[in-house]
Amino acid sequence: MSMNHPVFTRWPAQYPDRLQLFSAPTPNGVKVGIMLEESGLAYEPHRIDIMANESHDPAFLALNPNGKIPAIYDPQGPGGKPLALFESGAILIYLADKSGQFLSPDPATRYETIQWVMWQMGGVGPMFGQLGFFHKFAGRDYADKRPRDRYAAESARLLGVLDDRLAARPWVMGDDYSIADISLLGWVRNLIGFYGAADIVGFERFAHVQRWLDAGLARPGVRRGLEVTAG
């Protein structure tokens, strides 16, 4: 088993035959923990302390030059060769293909599912994250509230899109739970929980999103996945 990647000089693998996860309990980080728990793939987690700037350690940058979590190293990647991968959306697609779960083999449904993952990556994540900065963190001290209000309005609009999508279906893709749901659960949970932004976005208006979030958080794999790198 090839484990000579520089990341293991800083975070050694105890189980080198398993997929290696490098992450933290952020909305992006928990996506991969949830996916791994839901799919049943064997893995070993490594917590990256982003508050201590560990994601910019040279060993981690050798795995992800962008210096962000999550990232994975699969010693048994395509063709039996090791694969290092970053970007949570890409990792979800890879793990869905590897496990044969949570991404339909039907081409049309597959691409529609990926479409919603990209929507989360390009819209929900950045907008909810900016609202968190301006509502809860350093940005809340800015006298000018226009940035906060801009991100609150856009976050509410995105919640409306999701609410409309869920009005006639239990999950984003219908009856089948998928990586589209996995990509979104941590972000919506974080927005109304850790960020404390439920009131500012008028979350009570989005009954379908609330029902979906409750159903997602009730899944044992989701509950376990949220704790993968929390300790």
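## E54 and its loop

E54 sits in the loop that joins β2 (43–47) to α3 (58–61); helices (H or I, at least four residues) and strands (E, at least two) are DSSP runs, numbered from the N terminus. The model is predicted, so local features need pLDDT of at least 70 and side-chain atom pairs count only at pLDDT 80 or more, while totals for chains, interfaces and linings use all residues. Residues are numbered from 1 along each chain as its sequence is written, and side-chain values use heavy atoms, with hydrogens and water left out.

E54 is buried, with a relative accessible area of 16% (buried means under 20%, with a 1.4 Å probe and protein chains only). A polar atom of the E54 side chain lies 2.8 Å from the backbone nitrogen of D49. Setting aside residues up to four places away in sequence, E54 touches R10, W11, R47, I48, D49 and F60 (contact means heavy atoms within 4.5 Å).

## The nonpolar cores

The largest nonpolar core holds 57 residues, and I72, L95, L162, I179, V209 and W212 have the most contacts inside it. Such a core is a set of buried Ala, Val, Leu, Ile, Met, Phe, Trp, Tyr and Cys residues joined through side-chain atoms within 4.5 Å. Among the elements that each supply at least two of its residues are β1 (19–23), α5 (107–135) and α7 (179–192). Apart from it lies another core, of 13 residues, including W11 and F60.

## A96 and I179

A96, in helix α4, is buried at 2% relative accessible area. Beyond four places in sequence, A96 touches M35, Q101, L103 and I179. A96 and M35 are 61 residues apart in sequence, yet 8.1 Å apart in space, C-alpha to C-alpha. With neighbours within four places again left out, the contacts of I179 include M35, L92, A96 and F102.

Terms used: Buried < 20%, exposed > 50% of the residue type's maximum accessible area, 1.4 Å probe, protein only. Polar contact = N/O pair within 3.5 Å; in protein donor to acceptor, adjacent residues only side chain to side chain.
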